[in-house]
Amino acid sequence: GDSVTQKQGQVTLSEDDFLFINCTYSTTTYPTLFWYVQYPGQGPQLLLKVTTANNKGISRGFEATYDKGTTSFHLQKASVQESDSAVYFCALNYGGSGNKLIFGTGTLLSVKP
Amino acid sequence: EAAVTQSPRNKVAVTGGKVTLSCNQTNNHNNMYWYRQDTGHGLRLIHYSYGAGSTEKGDIPDGYKASRPSQENFSLILELATPSQTSVYFCASGTGNTEVFFGKGTRLTVV
């Protein structure tokens, strides 16, 4: 079945470091892919979205590129700030009606000042 | 701005008791969802709905029921709560293949 894999449970960086969070997916379709961010005490909120039409999403300095060849959708940011500390989830819309999302297990990013 | 409101925000329930989690959205979205969030599992879909009167099973529906009496409201019902249902529950709404908006969550503890 459809699945999303995030192997990094936790990432700790210093301010201005480069961020890379790995996400791979498995599906029989060409899904729409998302990155959601969750701050403490909040629900997840959309960070960026990528479809097969545009292949890349950019938002608030974060970037993700849809790579059908490697079925990956990694999240990158050139220079993280302490305010980026949060949990990041990749997700895919696994099709059919209802716009259902399947989420990865999440990556906790801690950025030290 | 899109708004999804969950109540209560925190709940302690006894094993075997009935629990109802409520969700209201002012987005006029057709689709609504209930997820639970547990460490190591991310967010998992329990039930969802295409519109008033409809409910569908998600990936982990066992032990849960859902009710969608109106476009705005979507409830999650635990008829016989168990400690394994201790979790943080999120309601969300969306339409088509676009952004899904989440509420702030309900922390449920079953003792």
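This is a predicted model: local features need pLDDT of at least 70, side-chain atom pairs count only at pLDDT 80 or more; totals for chains, interfaces and linings use all residues.
Residues are numbered from 1 along each chain as its sequence is written, chains are lettered from A and ligands numbered from 1 in the order in which they are written, and side-chain values use heavy atoms, with hydrogens and water left out.

The contact between the chains (heavy atoms within 4.5 Å) takes 21 residues from chain A and 22 residues from chain B. Together, chain A and chain B bury about 1800 Å², of which 49% lies on carbon and sulfur atoms. Buried area here is the accessible area, taken with a 1.4 Å probe, that two parts lose on being put together, summed over both. Zero salt bridges are found across this interface, a salt bridge being a side-chain nitrogen of Lys or Arg within 4 Å of a carboxyl oxygen of Asp or Glu. Three residue pairs, both residues at pLDDT 80 or more, are in polar contact between chain A and chain B. A polar contact is a pair of N or O atoms within 3.5 Å; within protein, one must be able to donate a hydrogen and the other to accept it, and residues adjacent in sequence count only if both atoms are side-chain atoms.

On the side of chain A that touches chain B, the elements giving two or more residues are β5 (32-38), β6 (45-50), β10 (86-93) and β11 (101-103) of chain A. Strands (E, at least two residues) and helices (H or I, at least four) are DSSP runs, numbered from the N terminus. β5(A) gives the most to this side, with four residues. By class, the side has eight nonpolar, eleven polar and two charged residues; Ala, Val, Leu, Ile, Met, Phe, Trp, Tyr, Cys and Pro count as nonpolar, Asp, Glu, Lys and Arg as charged, and the others, Gly among them, as polar.

β5(A) also pairs with β6(A), in the antiparallel sense and over five bridges; two strands pair if DSSP finds at least two bridges between them. Phe34(A) has Lys49(A) in β6(A) as its bridge partner. Six residues lie between the strands of this hairpin, where Gly41(A) takes a positive phi near 75°.

Elsewhere in chain A, four strands form an open antiparallel sheet in the order β3-β9-β8-β7. Its edge strands, β3 and β7 (56-59), each pair on one side only. Within the sheet, three bridges join β8 (residues 62-65) to the antiparallel β9 (residues 75-77) of chain A, and Phe62(A) stands opposite Lys77(A) in β9(A). In the loop between β2 (10-14) and β3 (19-21) of chain A lies Asp16(A), a residue other than glycine with a positive phi near 75°. Most residues other than glycine have a negative phi, and most peptide bonds are trans.

Chain B has an open sheet of four strands with antiparallel pairing, in the order β1-β3-β8-β7. β1 (4-7) and β7 (65-67) of chain B each have a single partner strand, so one side of each is left without a neighbour in the sheet. β1(B) is joined to the antiparallel β3 (residues 19-25) of chain B by four bridges, with Gln6(B) opposite Cys23(B) in β3(B). The loop between β1 and β2 (10-13) of chain B holds Pro8(B), and the peptide bond from Ser7(B) to Pro8(B) is cis, with omega near -10°.
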